[in-house]
Amino acid sequence: MDSHPQSRVVNAQPAGIGRIVSLGRGCAWSNLGRNVVFADASLRPMAVFGDTVFPDDDEASQFDLDIHAIIALARGQIAVLNHLGLVRLFEPPPVSGPPALGPGCEEAGRLDFVPDVERAVALGDRLVTSRPRGQRLAGVLVTQPVETGRERIDADTAHESFGFVSALAAETAPDGTGWVALGGEGRVRLVEADHGHLGAVRWEAPVDFLTGVLVAWGSTLWAAGSASGGAGLDDYDWERLGGGGLVQLGLDSGAVLASARFGADLAWGSGGVPMVVADGLPCGVGRRGDVHVLPPGEPVTTRLTGPLASDPLGIAHAAVVGDQLVFGFNRGGYRLHRVGLGSIRRISPSLPDRRA
């Protein structure tokens, strides 16, 4: 389907999808260099932000609308973080009624942060992010509460002993208590969160891949990634990120509950999310748009759909939205692709009907 790239912004950005996220009853995605689309669970656009603070600068406007994170905060606002470290705040658009199409969604606030961070999660009304990728800095940044009326978000550095962070996940209450998981080259660490601050390490587990995705499911944490040794690759060396695998870890102890390999190379890359968990089943998106599913108890993923293209489409971004798996590619055009969860459920019809 067309991803609705209409925008007032015109630049030389190659057509592609930057991020896709589920936001409660709705979702959002970014069209690289063009806009951010807020939609309902059926992918019907409800509001669109399509402006830049650099209307006369081709390269800067591309970075301005190169979105690295779209995050729902505890107080209801949505934070949109770009490559330059600018955080735009939006009030959640309605998910019913007539759509408000066209570049007209107004910002509720705009704050400066740190540029070039690829991973971010919410910790109550704070952000926890990886550190600038180009500098390969270790640990994470934990911000002060994100609020309007400020010009900049300050942050503290935490868990530098972990090394460079390439994946993040979190499960927190509105007050910021819970946990945050850090993924990196060959390991995953789970850290206690206490009222907006990161504390003690609950556990750390070795994995045999470069962690690119962390997904909580029930009392477990799925970790997945490409073959080890790709941490230092340039952002444009996507096709050198292959192989790898996935593992299911217990949240309480980090014990390995299951592990498997991918039947084909997934579309890994800087900031990409080519794997999700749908109704308890890990699903991966391949380089050419083929979808793979891990049946329960199997050691290797099974291909569910055929490829969409004969050539690689770049880095994949995927999310479970409503009753469908939605994905797009950073070099695959302004297009979204969908697979109904019914097709995935048929892999294991005995699984309970739950959402990731």
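Which residues do ring pairs link into a cluster? They are Phe38, Phe49 and Phe90.

1. Basis. This is a predicted model, in which local features need pLDDT of at least 70, side-chain atom pairs count only at pLDDT 80 or more, and totals for chains, interfaces and linings use all residues. Residues are numbered from 1 along each chain as its sequence is written, and side-chain values use heavy atoms, with hydrogens and water left out.

2. Aromatic pairs. The structure holds four of them. Rings of Phe, Tyr and Trp (its six-membered ring) pair if their centres lie within 6.5 Å; planes under 30 degrees apart are stacked, over 60 edge-to-face, the rest tilted. Phenylalanine 38 and phenylalanine 90 have ring centres 5.4 Å apart and planes at 55 degrees, so this pair is tilted. Phenylalanine 38 sits in strand 3 (residues 35–40) and phenylalanine 90 in strand 7 (residues 86–90), so the pair ties together parts 52 residues apart in sequence. Strands here are DSSP runs (E, at least two residues), numbered from the N terminus.

3. Buried means under 20% relative accessible area, exposed over 50%, and partly exposed in between (1.4 Å probe, protein chains only). Phenylalanine 38 is buried at 1%. Phenylalanine 90 is buried at 0%. Phenylalanine 327 and phenylalanine 329 form an edge-to-face pair, 6.0 Å centre to centre, with 90 degrees between the planes. Both phenylalanine 327 and phenylalanine 329 are buried.

4. Charges over rings. The criterion is NZ of Lys or CZ of Arg within 6 Å of the ring centre and within 35 degrees of the ring normal. Arginine 136 lies over the face of phenylalanine 164, 4.0 Å from the ring centre. Arginine 187 lies over phenylalanine 162, at 4.6 Å.

5. Four strands form an open sheet in the order 10-11-12-13, with antiparallel pairing. Two strands pair if DSSP finds at least two bridges between them. Strand 10 (120–123) and strand 13 are the edges; each has a single partner strand, so one side of each lacks a neighbour in the sheet. The twist averages 25 degrees from one strand to the next, with axes fitted to C-alpha atoms and angles running from 0 to 180 degrees between N-to-C directions. Strand 12 (residues 140–143) pairs with strand 13 over four bridges, in the antiparallel sense.

6. Aspartate 156. This residue lies in strand 13 (residues 155–158). Valine 142 stands opposite aspartate 156. Aspartate 156 touches Val140, Leu141 and Val142 (heavy atoms within 4.5 Å), not counting residues up to four places away in sequence. Aspartate 156 is exposed, at 55% relative accessible area.
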